[in-house]
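Have a look at it first, then read on.

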Amino acid sequence: MVCQLEGFSMDIQYRRMNTDDLDVFIQMRISQLREEGATEAFDLASALRDYYVRHLADGTFVAWLALDGDYIIGTSGMSFVEKPPYFGCPSGKIGLLSSMFTDPGYRRKGIAKELLSRVVDEARSYGCGTVQITASDIGVLLYTDFGFVKSGNFMQYKL
């Protein structure tokens, strides 16, 4: 994919993430959370590293990267979980979308949409019947344009 940015052309490449990319991926995830207004109560990097290493290895997490040369400019991730089947998801397999982040200098170029498409395809291949996300204000337009529908009854109980 070739994009135009501030008067020059860039060749954006996409590929699946591997463990060699974890340091940058983790920093971008933390940047995303900060941008969304998260309160930092502890050092999240080591917990993220543990999660990603375990779930990349067992196939229950996949991520895609957008690169401009060697520079990672965008990320997307999908965790796969399974719960008892229900009418809205007969397989019980659910994709939990996370880590959608694009470097601010590269936004509004279609990069996030391409990353989203790739992780949704991963969820489809895994056999998921639905993909869920808790969308930030900045992401709502992307997700609704893609076809996501808001569910007004999502609730959470913090332990």
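## Before we start

This is a predicted model, in which local features need pLDDT of at least 70 and side-chain atom pairs count only at pLDDT 80 or more, while totals for chains, interfaces and linings use all residues. Residues are numbered from 1 along each chain as its sequence is written, and side-chain values use heavy atoms, with hydrogens and water left out.

## The whole chain

The chain holds 4 helices and 6 strands; helices (H or I, at least four residues) and strands (E, at least two) are DSSP runs, numbered from the N terminus. Read from the N terminus, the order is β-β-α-α-β-β-β-α-β-α.

How far does the C-alpha trace of the chain span along its principal axes? It's about 50 × 35 × 30 Å.

Of the 159 residues, 38% are buried. Buried means under 20% relative accessible area, exposed means over 50%, and partly exposed is in between (1.4 Å probe, protein chains only). As for contacts (heavy atoms within 4.5 Å), take those with a separation of 6 or more: 63% of them join residues 24 or more positions apart.

Helix 2 covers residues 45-58, and its end C-alpha atoms lie 20 Å apart, in agreement with the 20 Å its 14 residues should span. The expected span is 1.5 Å times one less than the number of residues.

Which residues of helix 2 are buried? They're Ala-45, Leu-48, Tyr-52 and His-55. These sit on the same side of helix 2, because they cover an arc of only 115 degrees around the axis; the arc is that of the directions from the helix axis to the C-beta atoms. An α-helix has 3.6 residues a turn, so residues three or four places apart point the same way.

The buried residues of helix 2 pack against helix 1 (22-35), strand 3 (61-68) and strand 5 (93-102). Over on the other side, Ser-46 and Ala-57 are exposed. After the helix comes Gly-59, with a positive phi near 80 degrees.

## Two nonpolar cores

A nonpolar core is a set of buried Ala, Val, Leu, Ile, Met, Phe, Trp, Tyr and Cys residues joined through side-chain atoms within 4.5 Å. The largest one has 21 residues, and Tyr-14, Leu-97 and Leu-116 are among those with the most contacts inside it. Strand 2 (8-16), strand 3, strand 4 (71-82), strand 5 and helix 3 (111-126) each give two or more residues to this core. Helix 3 supplies the largest share, 6 residues.

There's also a second, separate core of 15 residues, including Ile-26, Met-28, Ile-30 and Ala-63.

Ser-99 belongs to strand 5 and counts as buried, at 1% relative accessibility. Setting aside residues up to four places away in sequence, Ser-99 touches several partners, including Phe-25, Arg-29, Tyr-52 and Gly-77.

Met-100 is in strand 5 too. Is Met-100 buried or exposed? With a relative accessible area of 12%, Met-100 is buried. Beyond its neighbours within four places in sequence, Met-100 contacts Gln-32, Ala-112, Leu-116 and Tyr-143, among others.
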